[in-house]
Amino acid sequence: MARKQARPEVAGLFVAHHRSVYRRALNLLGDQDAAKDVCQEIFVRVMRLEDPAPLAANPLAWLYRATTNLCLNQLRDSKRRQELLSSWPSEEQHTGSADARVIVYRILRDVPEDLQEAAVYYYVDELSHEEIAQIIGTSRRTVGNRLLSFHARVGELLQEKVLS
Amino acid sequence: MNAGSARRRPEQCLSDFALDELVAARSLHVEPAPERAAHLAACSRCTARLAELEAVEPPALDPYPAEAKRGARRRGVSLVYAALGGLLVLGGISALRSRALSPVDDTVVTTSTRTKGTLALVVFVRDTSGNVRRLTPTDVVHPGESMRFELTAAQPGYAGVVGLDAAGVTTVYSPAQGALPLLAGGEPSPLQETIVMDETLGTERLFGVLCGELHSVQELKQAGEQALLAEGGDPTHVTRLGLPCGQVTVDLHKQPPH
């Protein structure tokens with residue numbers, strides 16, 4: 001029998017996962033209004049999905065990744081980045097914070113996005129390689145390689161900072 | 001690279017991702033996997049972290065933002081149903097509930113609903129002239145007609161529809177692929193798929209299922225095939241699929257066109 005496309009039930013997804021999506025966005029952005037907007041946007045994207053198969057296969061993994069990427073895109077946005085950096089402690093309060101700001105700025109600017117994404121899952125969320133592989137949809141080896149590459153790139157940035 | 005030096009979570013503890021899966025399961029009144037339940041019972045750190053995650057209460061969201069409305073109109077009827085489902089869960093406008101309850105022509109009043117416990121399956125049939133009717137137990141369908149499904153469950157769960165036809169073929173009608181979708185409980189939920197009936201005549205038994213744990217389409221199909229095989233290929237003798245799910249059946253009696 002012929003059939004048309006299947007789509008995960010948005011209502012059920014919302015019931016089960018909206019709290020996770022919101023909290024994740026809040027953790028990454030640190031702003032309730034921004035997190036609310038991200039949560040809203042994610043479920044709009046669910047409704048508009050052209051290919052629902054990846055979402056249907058693992059809803060939470062798909063929502064995690066979509067939320068992470070949307071938040072990282074916002075952080076890369078120059079205006080948001082300025083807000084983020086300006087909210088850090090002043091140099092009087094925290095010695096070395098100026099250096100840290102520069103490093104964060106350059107990580108957001110210079111490190112490839114796929115490496116940033118893997119690093120967020122590993123360092124911020126403290127997920128295992130297996131869980132990261134599940135979310136990103138790749139192998140554990142690729143996850144390990146991306147983390148190594150991230151580490152190497154950050155090392156280069158730190159080296160440049162020391163030498164400059 | 002000493003990547004693990006900054007990590008605060010003990011290796012044996014559950015990650016936030018794993019805990020978020022538990023939060024989702026709890027919201028659906030589903031029991032967690034035994035090994036996770038055992039760890040939670042013994043680990044104060046994970047129990048406390050789970051409580052933190054569950055305590056996060058997002059601000060009220062606009063259930064149907066203007067942007068989504070525009071998208072839904074472009075995408076057509078499937079997205080309208082999806083958006084309406086979201087509205088219902090969000091405690092949206094009660095006036096719209098009647099629209100979600102009536103995915104096709106309202107003028108047909110006979111019922112094809114089969115219920116078992118807290119699960120109900122309704123089949124809507126559109127004939128080749130475009131007339132829509134709600135399938136009744138004595139109704140006859142014909143090749144070329146199309147059908148859609150509506151499931152109602154008392155509680156949320158993972159839902160699907162599978163057919164066992166007279167030729168001994170098992171077909172999963174909803175969902176088309178991947179895993180069974182989550183269905184909100186308490187309200188009728190029109191499923192997205194429209195199925196055009198093939199030339200196989202005789203009685204086809206449809207099973208609507210509602211599961212507490214996630215199952216794949218492949219698992220649902222295998223359960224149908226095994227049940228059919230156990231009954232010698234006669235779908236009318238199959239009373240239950242080998243899945244730990246709520247189940248309801250509806251029979252399609254397919255005859256040649258007039």
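Let us apply the rule to helix 1 of chain B, residues 16-27. Which residues of helix 1 of chain B are buried? They are Asp16(B), Phe17(B), Leu19(B), Asp20(B), Glu21(B), Leu22(B), Val23(B) and Ala24(B). In chain A, these buried residues pack against helix 1, helix 4 (59-76) and helix 8 (129-136). In chain B, they pack against helix 2 (34-42) and helix 3 (44-55).

I turn now to chain A. Chain A has 164 residues, of which 38% count as buried. Taking contacts in chain A between residues at least 6 apart in sequence, 63% join residues at least 24 apart.

The largest nonpolar core has 96 residues. The members that touch the most others are Ala25(A), Ile42(A) and Ala118(A), together with Leu121(B), Val123(B) and Val209(B). Helix 1 of chain A, residues 10-29, gives the most to this core, with eleven residues. As general background, nonpolar side chains tend to be buried together in soluble globular proteins.

One backbone detail of chain A deserves mention. Glu126(A) has a phi near 55°, a positive value in a residue other than glycine. Glu126(A) lies in the loop between helix 7 (113-124) and helix 8 of chain A. Is Glu126(A) buried or partly exposed? With 18 other C-beta atoms within 10 Å, Glu126(A) is partly exposed, because a residue counts as buried at 20 or more and as exposed at 12 or fewer.

Next, the strands of chain B. Strand 2, residues 119-126, is mostly covered, with seven of its eight residues buried. Strand 2 of chain B is joined to strand 5 (residues 146-153) of chain B by eight bridges, and the two run antiparallel. Within that pairing, Arg126(B) has Ser146(B) as its bridge partner. Strand 2 also pairs with strand 3 (residues 132-134) of chain B, in the antiparallel sense, over three bridges. There, Val125(B) stands opposite Arg133(B). Strands 2 and 3 of chain B form a hairpin with five residues between them, and Gly130(B) in the turn has a positive phi of about 95°.

Further along chain B, the peptide bond from Ser174(B) to Pro175(B) is cis, with omega near 0°. Pro175(B) sits in the loop between strand 7 (170-174) and strand 8 (182-183) of chain B.

I close with confidence. The predictor gives the complex an ipTM of 0.76 and a pTM of 0.50. Chain B has an average pLDDT of 74, and 74% of its residues score at least 70. Where in chain B is confidence lowest, and where highest? It is lowest in helix 6 (residues 97-101), at a mean of 25, and highest in strand 4 (residues 140-141), at 94. Residues 1-5 of chain B have a pLDDT below 50, and this stretch has five contacts beyond near neighbours in sequence. Over residues 62-117 of chain B, pLDDT also stays under 50, and the model has 96 contacts beyond four places in sequence for that stretch. Where pLDDT is low, the predicted coordinates should not be read in detail.

Definitions and conventions. Residues numbered from 1 in each chain as written. Chains lettered and ligands numbered in written order. Predicted model: local features only at pLDDT ≥ 70, side-chain atom pairs only at ≥ 80, totals over all residues. Contact = placed C-beta atoms within 7 Å. Core = buried A, V, L, I, M, F, W, Y, C linked by C-beta atoms within 7 Å. Helix = DSSP H or I, 4+ residues; strand = E, 2+ residues; numbered from the N terminus. Pairing = 2+ DSSP bridges. pLDDT = per-residue confidence, 0-100.
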